[in-house]
Amino acid sequence: MTATITGRAATDRAARYAKQLVSHLGRKIEADFDPESGVGTVRRDDNVCVLTATDSTLEFAITAAERDQLFGLMAVVQNHLERFGEKDELACVWDDDSVLAVYEERRAEMAAKRAAERAARETEESPAARDAE
């Protein structure tokens, strides 16, 4: 079952952010950007995100083979763009509330899991833990 979602981030620097995202992700996955058209594409396996820069927004359309893969690519796009645009307070907004609700729930679960793993590593690496051995 194919899953899709569209979204956008309001910015007057859309082409810059699209190019930065494509360049950054292109180190690990297939990605390209056409500065003439302001369109970039990110591919992870059969999943695709098309980025379109306009004068006032960076628009993105994601298509994935399955919903979990959609959530994964949404997270990659959102996390990177919001981190790149932190000074500009760049925020990604998604268009499908039903998909967004599940995505946000899964995103919170993953954040909690990463925090627990980080805490466990820090505990293992702490001097007190090493002294106890």
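Student: How many bridges join E3 to E4?
Tutor: 6 bridges join strand E3 (residues 39-44) to E4, and the two run antiparallel. Arg 44 stands opposite Asn 47 in E4. Strands here are DSSP runs of E with at least two residues, helices are runs of H or I with at least four, and both are numbered from the N terminus. Two strands pair if DSSP finds at least two bridges between them.
Student: Before we go on, what kind of model is it?
Tutor: This is a predicted model: local features need pLDDT of at least 70, side-chain atom pairs count only at pLDDT 80 or more, and totals for chains, interfaces and linings use all residues. Residues are numbered from 1 along each chain as its sequence is written, and side-chain values use heavy atoms, with hydrogens and water left out.
Student: What sits in the loop between E3 and E4?
Tutor: Asp 45 has its place there. Its phi is near 55 degrees, a positive value in a residue other than glycine.
Student: Is Asp 45 buried or exposed?
Tutor: Asp 45 is exposed, with a relative accessible area of 71%. The cut-offs: buried is under 20% relative accessible area, exposed is over 50%, and partly exposed is in between, using a 1.4 Å probe and protein chains only.
Student: Which other residue has phi near 55 degrees?
Tutor: Glu 89 does, and that value is again positive in a residue other than glycine. Glu 89 lies in the loop between H2 and strand E6 (93-94). Glu 89 counts as exposed because its relative accessibility is 69%.
Student: Back to the sheet. What is the strand order?
Tutor: The 6 strands form an open sheet in the order E2-E3-E4-E5-E1-E6, with antiparallel pairing. Strand E2 (30-34) and E6 stand at the edges, each with a single partner strand, so one side of each has no neighbour in the sheet.
Student: What does E1 pair with?
Tutor: E1 is joined to E5 by 8 bridges, running antiparallel. Ala 3 has Ala 64 as its bridge partner in E5. E1 also pairs with E6 in the antiparallel sense, over 2 bridges. There, Gly 7 has Trp 94 as its bridge partner.
Student: Where do the E1 side chains point?
Tutor: They alternate along E1. Ala 3, Ile 5, Gly 7 and Ala 9 point to one face and are buried.
Student: Now the core. Which residues touch the most other members?
Tutor: In the largest nonpolar core, of 33 residues, these are Leu 51, Phe 60, Ile 62, Met 74, Leu 81 and Trp 94. H2 gives the largest share of this core, 9 residues. Such a core is a set of buried Ala, Val, Leu, Ile, Met, Phe, Trp, Tyr and Cys residues joined through side-chain atoms within 4.5 Å.
Student: What does Met 74 touch?
Tutor: Not counting residues up to four places away in sequence, Met 74 touches Ile 5, Ile 62, Trp 94, Val 99 and Tyr 103.

Definitions and conventions
Contact = heavy atoms within 4.5 Å.
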